[in-house]
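Trainee: I've got a model open and I'd like to learn how to read its metal site and its ligand pocket. Can you walk me through it?

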Amino acid sequence: MPKLPTIVFSKRFQAKQGTLAVFMAENGELPNSLQDVEGYERVAEAVDIATFKGAAGSHVSVVAPGGGLDRIVVLGIGKPDEADEEAWLKVGGKLLISAEKSSDVTVVTDLSDGVLLNAGQLAAIAAGARLRAYDFDNYKTRKKANNNNDEGNGDISKITFVTEDESAAKKAWKSMDGIADGIMFARDLVNEPANILGPIEFAERAAGLEKLGCKITILDEKKLKSEKMGALLGVAQGSSRPARVAIMEWHGGKEKQKPVAFVGKGVVFDTGGISIKPAGGMEDMKGDMGGAAAVCGVMHALAARKAKVNAVGIVGLVENMPDGNAQRPGDIVTSRSGQTIEIINTDAEGRLVLADLLDYCEQKFKPQFMVNLATLTGAVIIALGKTHAGLFSNDDELANRLFKAGEDTKELLWRLPLHKDYDKLIDSKFADMKNTGGRNAGSITAAQFLQRFVKDTPWAHLDVAGMAMASTKTDYSKGWASGFGVRLLNRLVANDYE
Ligand code: BES
Ligand code: MN
Ligand code: ZN
């Protein structure tokens, strides 16, 4: 991992080296505080010549402006009144990129005419910079040669935000830093190759949340058998590495408050099993635990910022492999709920894992609601691409709250239907249901399958196949593992349950 920049807030303005960054609102002016800095005139001139207007995402930089600085960067922030959290994350990412090879960055946080950015905005900018600095380069032994500095590859060791309200900024950062760490925790899990991160190793990393005050329970194979999780165990039986279920509890709310529950698909690698996948692109299936990673990430975030809520995260960790002991198409397994499932396609494994987890979660924890996250279907990528995750729910209120949290964070969701006519497509001749419903409406029949394992708890299923892995690059992510879902669920809790 590259060294992530340390974030400092200070009242004192002192920039004698490295990069000095200032902000300009759209059609605004350079901040007054810049006027005393050596090189101010050259910056003003550069802004003029470049016809720089402060549009979000744009910047101007002047190299060697004098006074010992490497450069002065003016970052456009668009219209600050209209900017949401994600807009500030983007500003932070641009800040990191534009500072290039400087080791120290000083950020002036007042705009022209004495307008100040608030503590929450500064914290989001800082988070965006760290998230953009994140790079999964653990396995690159020739770092210097391989790294491309346009990407913002960890040359920056410190970012100092100059702000009058130092203590408010520090407080906001403490909480935002926990969220950013949760996102990077999720990204690490998704990026890690499956030879390194099997079910046991994943469970160990989840257990690391104990140090933040979470209660951890790991269910091993014996326990999973005694819990009668036949659907989950059927998926795991083709792998030489045994299954695990990890349960993370955060008790930050009132004693009697029912927990909110997050459930994640954690297939550490999905070959498809006996219904094996084609070779092309199969390496991406190391990310088939993106749902579980997001659950770990949000539990990290809630615990790190000491959220005033009771929350439980449950992840089902298996590897879907073909071998002499693997389950076959035509096999019938008995789920924990007692319902039987005819396996039509062993590559529809995620729903089998989640079926037992949802049933377990509802019965053991009696949560206020359950949200499961899963890289469940290729079909959701066909439907929604890499912009929205699919949202399915048995409860309009929960669906609306999730949708709103998506709008707030720009981790966008789009609701797709559940309906009894789709449910019929998974009726089986030989068992209570089959695990696939044919080519049509593939994401919906998968959701109908999950719904059969939920009794009367408000429940939502997020199909994050297009969002959690192989994701597109943004200003605050170099791409592939995004950590999708962590900010979303953290926001859901913050909006409605704290
Ligand atoms: N893990 C895959 C879904 C997936 C595909 C995630 C592409 C990310 C990118 C899932 O287990 C799967 O294989 N689903 C099948 C279901 C089918 C057999 C009914 C699919 O989508 O093709
Ligand atoms: Mn599969
Ligand atoms: Zn899968």
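This is a predicted model: local features need pLDDT of at least 70, side-chain atom pairs count only at pLDDT 80 or more; totals for chains, interfaces and linings use all residues.

Trainee: Which residues coordinate the zinc ion (ligand 3)?

Mentor: Four of them are listed: Lys-265 through NZ, Asp-270 and Asp-288 through OD, and Glu-349 through OE, at 2.0 to 2.4 Å. Along the sequence, these donor residues follow the spacing K-x4-D-x17-D-x60-E.

Trainee: And what geometry does the site of the zinc ion (ligand 3) have?

Mentor: For six donors, octahedral asks that opposite donors be over 155 degrees apart and all others between 65 and 115. Here the zinc ion (ligand 3) has 6 donor atoms with angles of 78 to 174°, and its site is octahedral.

Trainee: How far apart are the zinc ion (ligand 3) and the manganese ion (ligand 2)?

Mentor: They are 3.1 Å apart, with Asp-270 coordinating both. Asp-270 also has a side-chain N or O atom 2.9 Å from an oxygen atom of ligand 1.

Trainee: Where does ligand 1 sit, then?

Mentor: In the largest pocket. Around ligand 1 there are 17 residues, and Asp-288, Glu-349 and Gly-378 are among those that come nearest. By type, that shell has 7 charged, 5 polar and 5 nonpolar residues.

Conventions: Residues are numbered from 1 along each chain as its sequence is written. Chains are lettered from A and ligands numbered from 1 in the order in which they are written. Side-chain values use heavy atoms; hydrogens and water are left out. A residue is near a molecule or strand if one of its heavy atoms lies within 4 Å of it. A polar contact is a pair of N or O atoms within 3.5 Å; within protein, one must be able to donate a hydrogen and the other to accept it, and residues adjacent in sequence count only if both atoms are side-chain atoms. On a 1 Å grid over the protein atoms alone, a cavity is a set of points where a 1.4 Å probe fits but cannot get out, and a pocket is an open set with protein on both sides within 12 Å along at least five of seven lines; lining residues have an atom within 4 Å of a point. A molecule sits in a cavity or pocket if more than half of its atoms lie within 2 Å of its grid points. Ala, Val, Leu, Ile, Met, Phe, Trp, Tyr, Cys and Pro count as nonpolar, Asp, Glu, Lys and Arg as charged, and the others, Gly among them, as polar. Donors are N, O and S atoms within 2.8 Å of the metal (3.2 Å for Na, K and Ca); water is not among the atoms, so sites may look incomplete. Four donors count as tetrahedral if all angles lie between 85 and 135 degrees; four count as square planar and six as octahedral if opposite donors are over 155 degrees apart and all others between 65 and 115; anything else is irregular.
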